[in-house]
Amino acid sequence: MLSLPDECTFHGVKVRRMAEDGTSVPVYPMPVVIKAVYDPKGLNVKIVNESEPKEFIVSKMSEFVRIGAKSLLFKLSTESLLCQFPGEEETNKLYKAIIKLREEKNTSVFTERTEESSASQYFQFYGYLSQQQNMMQDFIRTSTYQRAILDNPADFAGKVVLDVGAGSGILSFFAYQSGAARVYAVEASSIAVHAK
């Protein structure tokens, strides 16, 4: 995903607070350590300092700019921070990770092949309690699933089961009855509220 590992540490970084008139003052009297950690929202940047630790997310929408060979300027909601790295290699590493983050597609295979209205209708349909009730009252369907699960305890006993698209949770319940050690029922529609 990013060109950084899950966590990357940069030592000897000078951090300055930028004023609107372009002047800057040091935030810390000495160089600090910056840790960049992958986060689902982007890149979590942590400035490690006992007196004034800082942490912020750099996302696709974050405002930042490279200044010269060794500095990056981040515009945060409350302040702008100029991070001056000891070498060009460190600056390049973080800069390229942020650029790559911005270039990444934010779409899944599901999103690319499914119209939004179609997906919305699908989850809305299965979110109705009446639809779940209809499926559970279909004796042949429900009893066939129940028999298949309960008649095969060797496939379930002591296992972890993931029921994706669990709906009412009836198949998850059957898996538990068959001896599953743990059952995870995953449901994207609003029926999940009732299935708890």
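Predicted model: local features only at pLDDT ≥ 70, side-chain atom pairs only at ≥ 80, totals over all residues.

Me: How many salt bridges does a search of the whole structure find?
Reply: The search finds 4 salt bridges. A salt bridge is a side-chain nitrogen of Lys or Arg within 4 Å of a carboxyl oxygen of Asp or Glu. Side chains of opposite charge can pair when their charged atoms come close.

Me: Which residues are linked in a network of salt bridges?
Reply: The network links Arg17, Glu52, Lys54 and Glu79. In it, Lys54 forms a salt bridge with Glu79, with the closest N and O atoms 2.8 Å apart. This pair links distant parts of the chain, since Lys54 is in strand β5 and Glu79 in the loop between β7 and β8, 25 residues apart. Helices (H or I, at least four residues) and strands (E, at least two) are DSSP runs, numbered from the N terminus. The side chains of Lys54 and Glu52 also meet in a salt bridge, at 2.8 Å from N to O.

Me: And what about Glu79 and Arg17?
Reply: Glu79 forms a salt bridge with Arg17, and the closest N and O atoms are 2.5 Å apart. Glu79 lies in the loop between β7 and β8 and Arg17 in strand β1, so the pair ties together parts that are 62 residues apart in sequence.

Me: Is Lys54 buried or exposed?
Reply: Lys54 is buried, because its relative accessible area is 13%. Buried means under 20% relative accessible area, exposed over 50%, and partly exposed in between (1.4 Å probe, protein chains only). Glu79 is buried as well, at 15%, whereas Arg17 is partly exposed at 28%. Glu52, at 28% relative accessibility, also counts as partly exposed.

Me: Which residues is Lys54 in contact with?
Reply: Leaving aside neighbours within four places in sequence, Lys54 is in contact with several residues, including Val27, Tyr28, Val45 and Leu81. Contact means heavy atoms within 4.5 Å.

Me: Changing topic: which residues of the largest nonpolar core touch the most other members?
Reply: Of its 22 residues, these are Phe10, Val15, Ile34, Ile47, Phe74 and Leu94. The largest share of this core, 4 residues, comes from β1. A nonpolar core is a set of buried Ala, Val, Leu, Ile, Met, Phe, Trp, Tyr and Cys residues joined through side-chain atoms within 4.5 Å. In soluble globular proteins, nonpolar side chains tend to be buried together.

Me: What is Ile34 in contact with?
Reply: Beyond neighbours within four places in sequence, the contacts of Ile34 include Phe10, Val15, Ile47 and Cys83.

Me: Which residues do ring pairs link into a cluster?
Reply: The cluster consists of Phe56, Phe64, Phe74 and Tyr95.

Me: Now the loops. Where is Glu187 found?
Reply: Glu187 is found in the loop between β10 (182-186) and α7 (192-195). Glu187 is buried yet has no salt bridge, and the nearest side chain of opposite charge, Arg141, is 10 Å away. For charge, Lys and Arg count as positive and Asp and Glu as negative; His and the chain ends are not counted.

Me: Where does Gly169 lie?
Reply: Gly169 lies in the loop between β9 (160-164) and α6 (170-177). Gly169 is buried, with a relative accessible area of 15%. The C-alpha atoms of Gly169 and Ala192 are separated by 8.4 Å, and these residues are 23 residues apart along the chain.

Definitions and conventions. Residues numbered from 1 in each chain as written. Heavy atoms only, no water. Phe/Tyr/Trp six-rings, centres within 6.5 Å; stacked < 30°, edge-to-face > 60°.
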